[in-house]
Amino acid sequence: MISSRVEQLSSSATLKITALTKRLKKEGKDVVNFAAGEPDFDTPLFIKEKAKKAIDDGFTKYTPSAGTNELREAIARKLKEENGIACESSSIIITSGAKYAIYAAMAAFLNPKEEALIPSPYWVSYPAMAIICGAKPKIIKTKERDGFKLTAQTLSKAISKKTKLLILNYPSNPTGATYSNEELKEIYEVIKDKNIIVLCDEIYEALTYDGKKHTSFASIGDAAKFTVTVNGFSKTFSMTGWRIGYLCADKNFAGAISKLIDHTTSCASSISQAAALAAINDKTWPSQMLAKFEERRNLLWEGLKGLRKIKPLLPQGTFYMLCDIKKSGLASMDFSSQLLDKYLVSTIPADSFGAEGFVRLSFATSDEDINKGIARIKSFLEALK
Ligand SMILES: Cc1ncc(COP(=O)(O)O)c(C=O)c1O
């Protein structure tokens, strides 16, 4: 009875481990959670207050399907001023989480059998979404020596007549890698005349470390014409449960995507949109969060880098650290399961991100837990034969 498209999907390993971690915690076990995919901070109070006011003011009905004009205008302004993307509010569509923006864009562009190029390691939902659209996810393996980044050369080789879409995600979940302006220009030179849509997922934009500045792909040359920029409030403002994301695309593309929203979600939550409007111009919260995450990244890195049988990769962004565990002699899934079972440390096996031999550690947790987790990982590795 189940459609062949959905039959092809496997359930998310990330969600399985997360559920198991929560269950163990509920049972009173002292689990160190390096599996989290969301900031551990609560949503800032000034954002919550705006949501409460929206409820009290009766702002509780459907909004236009592309989102409220105020929020679309504020996002267009942000993208112009901060990201250098030439756009009007008619190019902006507000969605129920960035995840839905990505799905809606794929559904709007992909025809059956067309190819979506996905650099690996990748966020687990990209191939799944391409499959749901009846298209073919074509994985481009990137190399560790290139920092797990797509190069002009690997991209050129992967493009075929069937290629319709290229997905870029930086800072990247799970590698934490991000691209410099020059690296993006090289990709732009390869793709600019190919009639391919670039879907650029910049959800971790605000978490770029070492004083580096994030560059949006759509700000390069005429890339805005063929790029769908995706971003949202989940990670930047600790608002994962509010489900507010957005995309920016050429206004004809945005119109097509908006039709899809008309017939699927109708619109994103009105209350969450009001809350997002309060958040969008705030710079204090994201910069405080960035400073805290950078400290934690350094703490985890310092603690892991001297250990045997594990090689952490220093992330340039996000709150994830990918670790090479091939020297442990265990497959990713076995490493994560045994570490959780025996030492109560929860990590995500990265085989589901196309990176067998690696596990992903999230440092969206307290300094105390980071130190505790490092000590337990050390004991686990020492106990391995
Ligand atoms: C790379 C990437 N893109 C998109 C999302 C989805 O974000 P949202 O919560 O806004 O749907 C996530 C969430 O984990 C992510 O890691």
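Guide: Let us begin with α3 and α10, bearing in mind that this is a predicted model: the two helices are oblique to each other, since helix α3 (residues 45-56) and helix α10 (residues 270-280) pack at an angle of about 140 degrees, and an angle counts as roughly antiparallel only when it is over 145. Their axes lie 8 Å apart.

Visitor: Which hand does the crossing of α3 and α10 have?

Guide: The crossing of α3 past α10 is right-handed.

Visitor: And which residues of α3 and α10 meet there?

Guide: From α3 the contact takes in Phe46, Ile47, Lys50, Ala51, Ala54 and Ile55, and these meet Ser270, Ile271, Ala274, Ala275, Ala278 and Ala279 of α10. Sorted by class, that contact of α3 with α10 has ten nonpolar residues, one polar and one charged.

Visitor: Switching to strands, in what order do the seven strands of the open sheet come?

Guide: The order is β2-β8-β7-β6-β5-β3-β4, and the pairing in this open sheet is mixed. At the edges stand β2 (92-95) and β4 (136-141), each of which has a single partner strand, so one side of each is left without a neighbour in the sheet. On average, and with direction ignored, neighbouring strands of this sheet are turned by 25 degrees against each other.

Visitor: Which way do the residues of β8 point, and are they buried or exposed?

Guide: In strand β8 (residues 245-248), Gly245 and Leu247 point one way while Tyr246 and Cys248 point the other way, and all of them are buried. On one pairing, β8 is joined to β2 by four bridges and the two run antiparallel, with Cys248 in β8 as the bridge partner of Ile92. Strand β7 (residues 227-232) also pairs with β8 in the antiparallel sense, over four bridges, and there Val230 stands opposite Leu247.

Visitor: In what sense do β5 and β6 pair?

Guide: Strand β5 (residues 163-169) and strand β6 (residues 197-201) pair in the parallel sense over five bridges, and Leu168 stands opposite Cys200 in β6.

Visitor: Last topic: how many residues of β10 are buried, and which strands join it?

Guide: Strand β10 (residues 320-324) is mostly covered, with four of its five residues buried. Strand β9 (residues 311-312) runs antiparallel to β10 and is joined to it by two bridges, where Lys311 has Asp324 of β10 as its bridge partner. Strand β13 (residues 358-362) is likewise antiparallel to β10, joined by five bridges, and Met321 stands opposite Leu361 in β13.

Notes
Residues are numbered from 1 along each chain as its sequence is written. This is a predicted model: local features need pLDDT of at least 70, side-chain atom pairs count only at pLDDT 80 or more; totals for chains, interfaces and linings use all residues. A residue is buried if 20 or more other C-beta atoms lie within 10 Å of its own, exposed if 12 or fewer, and partly exposed in between; C-beta atoms are placed from the backbone. Two strands pair if DSSP finds at least two bridges between them. Axes are lines fitted to C-alpha atoms, for helices over the stretch in contact, and angles run from 0 to 180 degrees between N-to-C directions. Angles under 35 degrees count as roughly parallel, over 145 as roughly antiparallel, 65 to 115 as roughly perpendicular and the rest as oblique. A crossing is left-handed if the near helix is turned anticlockwise from the far one by less than a right angle, and right-handed if clockwise. Two residues are in contact if their C-beta atoms, placed from the backbone, lie within 7 Å. Ala, Val, Leu, Ile, Met, Phe, Trp, Tyr, Cys and Pro count as nonpolar, Asp, Glu, Lys and Arg as charged, and the others, Gly among them, as polar.
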